[in-house]
Amino acid sequence: MTVTLHDPISFGGLRLQNRLIMAPLQQYMGTPEAYATSHHTEFYGRRAKHVGLVIVESTAVSANGRLWKNDIGIYTDRHVEPLQKITDAVHAHRTPVFIQLSHGGRKSSPEVTTTLVAPSAIAFDEHYGTPESLTLAGIEQLIEEYRLAAKRSLAAGFDGIEIHAAHGFLIHQFLSPLSNTRVDAYGGTSENRARFLKEVLFAIRGEVGREFPVIVRISATDYCEGGLTPVEWARMLKPLEPQLDAIHVSSGGLLPIQPSDVYTAYQLPHAAAIKQHFNIPVIAVGKIYTRSLANRILADQLADSIAIGRPLLEDPDFAERLLISQEPAAVN
Ligand SMILES: Cc1cc2nc3c(=O)[nH]c(=O)nc-3n(C[C@H](O)[C@H](O)[C@H](O)COP(=O)(O)O)c2cc1C
């Protein structure tokens with residue numbers, strides 16, 4: 001039977017009503033203390049009706065790891081209540097909602113970061129400056145922050161967690177040999193570079209259990225010789241597959257390098273390559289803006305779900321138009 005966008009899919013024990021996902025979209029509207037505001041509640045609530053899943057924007061697990069000076073965080077118990085307003089607004093449409101947990105590492109916002117930390121003292125660029133190489137105690141502390149963030153995610157009513165291991169932020173920095181030159185248990189071999197992600201994942205699982213959906217967002221390529229590739233990702237993630245419920249395939253961000261051309265479905269080949277290696281669902285994202293293209297991808301089994309981002313920023317009804325009404329014109 002041919003799969004379409006309208007077919008349900010399960011991420012772990014959670015059944016989604018269709019295969020269209022709202023991708024995480026940073027709103028740059030958090031308070032200086034990283035609290036979510038009425039903007040977030042309204043923004044997510046307004047877009048929740050037709051998608052099978054909403055993934056809330058990157059949310060900092062640490063006061064020292066915010067990606068932007070006006071992003072949102074989940075690093076104290078006080079952050080829970082405003083986040084709960086978002087989950088309530090999305091649940092009002094019977095749509096599940098995940099939170100994306102992040103730490104910027106060497107790409108943490110200079111405006112609000114006290115000490116820039118990363119696996120190795122290698123700068124992203126002059127704007128961010130050179131980070132301090134994490135000590136083992138520092139790594140332990142970060143894993144604890146992820147654990148507490150997972151606990152608070154449950155308290156805020158989220159239905160799942162997306163671990164942000166993409167776009168050159170902290171976990172990605174551990175995974176890529178271009179940003180991790182450690183010679184201890186967290187650097188060197190694929191297994192060692194994946195250790196931080198593994199320990200974060202296990203700390204989260206310790207809080208939420210195995211039934212609660214936990215997915216990971218990855219940058220399948222660093223767009224640079226010597227960087228990560230889908231094959232290397234598969235090597236690192238395969239041992240973690242029993243603890244993961246889906247893989248969301250993005251790209252880039254580790255280095256100040258852009259893909260040479262951002263064309264329709266530009267990241268799809270990476271999702272399809274990742275899918276070759278895994279049995280859990282793979283989410284494709286990136287300029288997939290028409291129903292016919294999305295259905296073709298699903299029918300050809302290149303991915304299992306489709307996430308959309310930018311079209312939803314301007315047009316809160318984009319998902320409805322994509323799923324139900326007239327085929328929307330492609331957005332460029
Ligand atoms: C304004 C904006 C904010 C974004 N915020 C996030 C984010 O918080 N976390 C993340 O992983 N990706 C983020 N992204 C990337 C999107 O989730 C998505 O992968 C990307 O826009 C490509 O998909 P699209 O062509 O459907 O927009 C953001 C993109 C945009 C344009």
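1. How many nonpolar, polar and charged residues are in the shell around the ligand? By class it comes to 6 nonpolar, 8 polar and 4 charged. The ligand has 18 residues surrounding it, and the closest are Ala-23, Gln-26, Ser-58, Gly-309 and Arg-310.

2. Keep in mind that this is a predicted model. Confidence first: the protein chain has an average pLDDT of 96, with 98% of the residues scoring at least 70. Going element by element, the lowest mean pLDDT, 95, belongs to helix 11 (residues 318–323), and the highest, 99, to strand 6 (residues 97–102).

3. On the overall fold, I see 11 helices and 13 strands in the protein chain. The radius of gyration is 18 Å, which agrees with the value near 20 Å that a compact globule of 332 residues would have. The C-alpha trace spans about 55 × 40 × 35 Å along its principal axes. Buried residues account for 51% of the chain. Of the contacts between residues at least 6 apart in sequence, 71% join residues at least 24 apart.

4. Have a look at helix 1 (residues 38–47). Its buried residues are His-40, Phe-43, Tyr-44, Gly-45 and Arg-47. Among the elements covering them are strand 3 (20–22), strand 4 (53–60), helix 2 (80–91), helix 10 (310–314) and helix 11.

5. Asp-315 sits in the loop between helix 10 and helix 11.

Notes
Residues numbered from 1 in each chain as written. Predicted model: local features only at pLDDT ≥ 70, side-chain atom pairs only at ≥ 80, totals over all residues. pLDDT = per-residue confidence, 0-100. Helix = DSSP H or I, 4+ residues; strand = E, 2+ residues; numbered from the N terminus. Near = placed C-beta within 6 Å. Nonpolar A, V, L, I, M, F, W, Y, C, P; charged D, E, K, R; others polar. Buried ≥ 20, exposed ≤ 12 C-beta atoms within 10 Å, placed from the backbone. Contact = placed C-beta atoms within 7 Å. Rg over C-alpha atoms; globule rule 2.2 N^0.38 Å.
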